[in-house]
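User: I would like to learn how to read strand pairing and charged contacts in a model like this one. Could you take me through them step by step?

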Amino acid sequence: MDLTLFQYSIFAGVSVLLQAVSPISATALLEPFDRLYDSGVEAFYSSDYESVVYYMEKALRSYSELRHTKVRCRLKCKDQHPLDGSDSDLQFFDSVLRRAACLNDCIERKTGSQSMHMASEDVIQDFNRRTPYNFLQLAYYKLNQLDKAAEAAHTYFQANLEHVEMWQNLENYKLLEGVEESYFQDREARPHQQAFTTGVKHYDDGNYEKAIEFFEEALVEYYKADVECRALCEGPQKFEEYEYLEYRPSLYRAISDHYTQVLACEHECVRELATRPGRLSPMENYLPLHYDYLQFAYFKVDKISEALECAETYLLFHKGDEFMTENMEFYKEVLGEERKPRREAERYISRHQKEAELLTVGTANLGVEYTEPNYWSSTGGREDVNRVPSGTDGWLDYVPITEKKNTTSGIARELREGGPLLYDEVKLVLNSEMLNGSQRVLFDSVITEEECLELRNVANTIVIAGDGYRGKMSPHTPNEKFEGATVLKALQYGYEGRVPLKSARLFYETSEKARKIIESYFMLNTTLYFSYTHLVCRTAVKGQQDHRNDLSHPIHADNCLLDPEAHECWKEPPAYTYRDYSALLYLNGDFDGGEFIFTEMDAKTVTASVKPRCGRMVGFSSGGENPHGVKAVTSGQRCAVALWFTLDPLYREMERLQADEVIHSLDSDKLNKELQINPRDEL
């Protein structure tokens, strides 16, 4: 049988792969971090804190080792089997297949089958947000290992600055006898960011020699982290508009599409390395700032040659920058000679520019127009060489949202309240002034005691643990169990006869009544649409209520990310930025704790507190003007109908539209029966 050149290269590559794979030592296999994590969570809910520590620490080591193994193997195999210099398809694919075989052998020697380590997105997200440390801090506290508890709490908090309860825990740890300042270490600190922050502190103190030392260290660590970031991009990619390779592309189209995704990931390492843990927006002008600080620090210690070199390097990122050009000319005049920019920065910029060119071609093949982001925005503000570089606090945050007026799709509108309540039985209890805020209101008697009881009976039948919280039974606190259900689910259960259809309709009609009240009271001149409707119950977990200092729901805002330290609220994902108003209709009050609270932007100063009871509803605008949370439910079960609304029809709740259709269908059937009309007769 004759083989084509490409078929021959494939068979040759497979042969190489089979020869390269050697027996894997069972003793060297890495345990999957997601299984260890699940075991740790299970142990936590069993109050087996020693096992929590054992499994969580092992899961963290496994996660780190898996990442390290992938980076090490990809870099090693890349060096052993370079793709450059190939002058034929055979040579190119020979290198590709040999590199693939090298990778499989290298990684699986340490990890075993790679399929064992394919964790779910939810678990990966938990590790990215350092959730294992949340479990660890409490477990170590229960075991009276305060040094490790403080360390775990500090590590978790660095990536979750909005987590007020952890901040409170840290404050409590500091007050405990025997707890030292040295305990509060970030176990996951990124070396390049840590060195940069330390450099800025020395710079601000005028200790320029030390500042130089740490800025130079930060640059070394940055370029090292950049190499690792790029290596991690070589894993499976998710195509925006295609199921992964299921659209049956040709060979080179498949290679092009996949490589474009990998290349886009590598190009974004600029953002990744400039972004703090737990944040989405990167620090502005991050890499160039290193050279900006250095040029002035070197000037201050009379090392003009190095200052000139750093000024020239800064201008690679911001060509023609007026103030840095003036600095450069000043340094040249003092020195009497020229210096070239640093080579590592030149190589970095060159690669970045080439990536942008290739992305333009690759995204065009995908049918997408690529626009190069402004990765290094210059902040200006320079006057002369004796100046402080921009961003002296070490972190230039993104521009905050000003919540003076509510907005939809960028259109400002006046905030009003005091419109008609529409229903005679509904009572206005407190307005914004009485609740010490803006766009806040409290009503009573929205529904009756009988209706509350009926909805609670529905809840006890249809709610599922973790519903509405990505399946997580305890999304906000391990001390409570959360269960929920949507309107559509209630109607489906009613149609199937699993709950009274009348009760399912009551859920639908009650939420519609709440929407009309909010729309009318706040005098909205456009329709208020449902964004999400949820019947939710939270139940105190028995045996886990002693000495609680956490909240049932942490302080937050509904359409922006609350930053208590900066007293700001950032309107960016994952916040539901399109939500405009929120409401909570309570179904009972026979439980301990569970008060709804409004706070200031600091997430600590309580401005108003609402004790839930049947028929009581609190409504408010969803922005940063209304931070809110729920105090711990320490016994019993607290149930409510939670409603979020939007003024933008593009973001209306799809399940609500389906529920509307179900109600319309039910009403049509009822009308036909009353008139004794057979729908078939009408066809």
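**Strand pairing and salt bridges**

Analyst: In this predicted model, strand β7 and strand β18 (residues 637-646) pair in the antiparallel sense, with 10 bridges between them. Within that pairing, H534 stands opposite A642 in β18.

User: Which strand is joined to β7 by six bridges, and in what sense do the two run?

Analyst: That strand is β6 (residues 480-485), and it runs antiparallel to β7.

User: How should I think about the side chains of a strand, and how many residues of β7 are buried?

Analyst: The general idea is that in a regular strand the side chains alternate between the two faces of the sheet. In the present case, strand β7 (residues 529-540) is mostly covered, as 10 of its 12 residues are buried.

User: Turning to charged contacts, how many salt bridges does a search of the whole structure find?

Analyst: The general idea is that side chains of opposite charge can pair when their charged atoms come close. Here, the search of the whole structure finds 34 salt bridges. One of them links R98 with D94, whose closest N and O atoms are 3.0 Å apart.

User: Where do R98 and D94 lie relative to each other in helix α4?

Analyst: R98 and D94 are four residues apart in helix α4 (residues 89-111), so about one helical turn separates them. R98 is partly exposed, with a relative accessible area of 33%, and D94 is likewise partly exposed, at 31%.

User: What is the spacing between E357 and K354 in helix α16?

Analyst: E357 and K354 are three residues apart in helix α16 (residues 343-365), which again means a separation of about one helical turn. Their side chains meet in a salt bridge at 3.8 Å, N to O, and E357 counts as partly exposed at 49% relative accessibility, as does K354 at 47%.

User: Which residues are linked in a network of salt bridges?

Analyst: The network links D226, R230, E266, R351 and E355.

Note on methods: Residues numbered from 1 in each chain as written. Predicted model: local features only at pLDDT ≥ 70, side-chain atom pairs only at ≥ 80, totals over all residues. Heavy atoms only, no water. Salt bridge = Lys/Arg side-chain N within 4 Å of Asp/Glu carboxyl O. Buried < 20%, exposed > 50% of the residue type's maximum accessible area, 1.4 Å probe, protein only. Pairing = 2+ DSSP bridges.
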